[in-house]
Amino acid sequence: MSNSNSSVEIRDLDLHFGEVKVLQKLNLDIKEGEFLVLLGSSGCGKSTLLNCIAGLLEITDGQIFINNQNVTWKEPSERGIGMVFQSYALYPQMTVEGNLSFGLKNARMPKDEIARRISNAADILQIQPLLKRKPAALSGGQRQRVAIGRALVRDVDVFLFDEPLSNLDAKLRTDLRVELKRLHQRLENTMIYVTHDQVEAMTLADRIAIMKGGKIMQLGTPDEIYNRPQNLYVADFIGSPSMNFFKGHLKGNTVEAAGITMPMDGYEFADNQDNAGEVTIGIRPEHLITGELASKAPVKSSVTVELVEPMGSDTLVYAALNGNQMRIRMEGNARVQAGDNLAIGIDPSRASLFDSATELRL
């Protein structure tokens, strides 16, 4: 039975193309008004899942509910969704106004209602001055706004976005990302958003579902995903640059890794299992302590600087810890150069521990 607080529910969803299993026993509850991001690398199944929700792909098994209605066998037009694609898919021969009104006219909606909806969408997206132009006369960002407007005029409860910003340049992507967040705050509709860009995911999402091989590896808030990754894949996937990993051995409350001993005081273990065995310890580049504070850290060591990348707001340092490669994020004004011996500190409570065999968080 469906959950009344959920806007979109996916129950045991399977999708096979012949012998190829694309999605397997997938379950997902998306709350009403939530901004959920499906994140993963190419081929992980995120766009496929979105197309299943939209009704563009016929699923092999399982059920899909939208607003407590079983829509598993319904046409896309009957599902109460608005969809925005990566390609703008605008009709080149029509004006912006014509593109926005096309679906509404086909639905035989009254003219005054069409005009009201177009005016409302144009105000929200700030495209009023563009209504008489054709797509060829618009920039990429303006075209994407029109594509979003076409979903907006349908006045639906659930919006589906399939990598809508990936065709835009970096600055425009940032600008439109902020606009999308504002749009969600204003409309409070449920939004499901597919991307391979982790910055988009972290900044937009209420919750992120990280996918790999047709399965959800972790579902959580950006904070949970970043600070408490449930497995090695998520830990490595999220973060730029990614987490530093060292192979080690756990005995009781102590990890031996990269030639140093780390008492894991303050670290929250995932369960009370017998803590012993081969482990991988992960430490984010920005969680390594440098400068005067390094001497006060729970675990102290030093590294040889190999390469320095000044990034403006921060400085990325590539170094070796007892022969193990690592990256350290320092302040933008850090005075450091190749060949320097750099004192570092580690706070084990900010690290992540994984069982080397299962790759699950300890």
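Which residue stands opposite N324 in β18? Select L321, which stands opposite N324 in β18. Before going on, note that this is a predicted model, in which local features need pLDDT of at least 70, side-chain atom pairs count only at pLDDT 80 or more, and totals for chains, interfaces and linings use all residues. Residues are numbered from 1 along each chain as its sequence is written, and side-chain values use heavy atoms, with hydrogens and water left out.

**Stop 1: the open sheet**

Stay with β17 (314-321) and β18 (324-331). These strands pair in the antiparallel sense over 8 bridges. Strands here are DSSP runs of E with at least two residues, helices are runs of H or I with at least four residues, and both are numbered from the N terminus. Two strands pair if DSSP finds at least two bridges between them.

Now widen the selection to the 5 strands of the open sheet, which run in the order β15-β19-β16-β17-β18 with antiparallel pairing. β15 (288-289) and β18 stand at the edges with a single partner strand each, so one side of each has no neighbour in the sheet.

Next select N322, in the loop between β17 and β18. N322 is not a glycine, yet its phi is positive, about 50°. Most residues other than glycine have a negative phi, and most peptide bonds are trans. N322 counts as partly exposed, at 49% relative accessibility; buried means under 20% relative accessible area, exposed over 50%, and partly exposed in between (1.4 Å probe, protein chains only).

**Stop 2**

Select strand β1 (residues 6-17) and strand β2 (residues 20-31), which pair in the antiparallel sense over 8 bridges. V8 stands opposite I30 in β2. The two strands form a hairpin with 2 residues between them, and G18 in the turn has a positive phi of about 65°.

Within strand β2, select L23. Is L23 buried or exposed? At 0% relative accessibility, L23 counts as buried. Its C-alpha atom is separated by 6.9 Å from that of L13, 10 residues apart along the chain. Leaving aside neighbours within four places in sequence, the contacts of L23 (heavy atoms within 4.5 Å) include L13, L15, L49, C52 and M211.

**Stop 3: K46**

Move to helix α1 (residues 46-54) and select K46. This lysine counts as buried, at 4% relative accessibility. Not counting residues up to four places away in sequence, K46 touches L38, L39, G40, S41, E163, V194, T195, H196 and M211.

**Stop 4**

Select I81, M83, G103, R150 and R154 to find the largest pocket. About 590 Å³ of space lies in this pocket, and of the 20 residues that line the pocket, those five are the closest to its centre. A pocket is an open set of points on a 1 Å grid over the protein atoms alone, with protein on both sides within 12 Å along at least five of seven lines; a cavity is a set where a 1.4 Å probe fits but cannot get out; lining residues have an atom within 4 Å of a point. Grid points are joined across faces, edges and corners, and a volume is the space filled by probe spheres set on the points.

β6 (81-84), α2 (96-106) and α4 each supply at least two residues of the lining, and α2 gives the most, with 6 residues. The lining divides into 13 nonpolar, 5 polar and 2 charged residues. Ala, Val, Leu, Ile, Met, Phe, Trp, Tyr, Cys and Pro count as nonpolar, Asp, Glu, Lys and Arg as charged, and the others, Gly among them, as polar.

Now select α4 (140-152). Its buried residues include Q144, R145, V146 and L152. The buried residues of α4 pack against β6, α2, α3, β7 (158-162) and α5 (170-187).

In the loop between α3 (111-125) and α4, select Q126. Q126 is not a glycine but has a positive phi of about 55°, and at 61% relative accessibility Q126 counts as exposed.

**Stop 5: the cavity and a cis bond**

Select Y226, N227, M243, R284, H287, R350 and S352, which line the largest cavity. About 30 Å³ of space lies in this cavity.

Finally, select P241, in the loop between α8 (232-237) and β11 (244-251). The peptide bond from S240 to P241 is cis, with omega near -5°.
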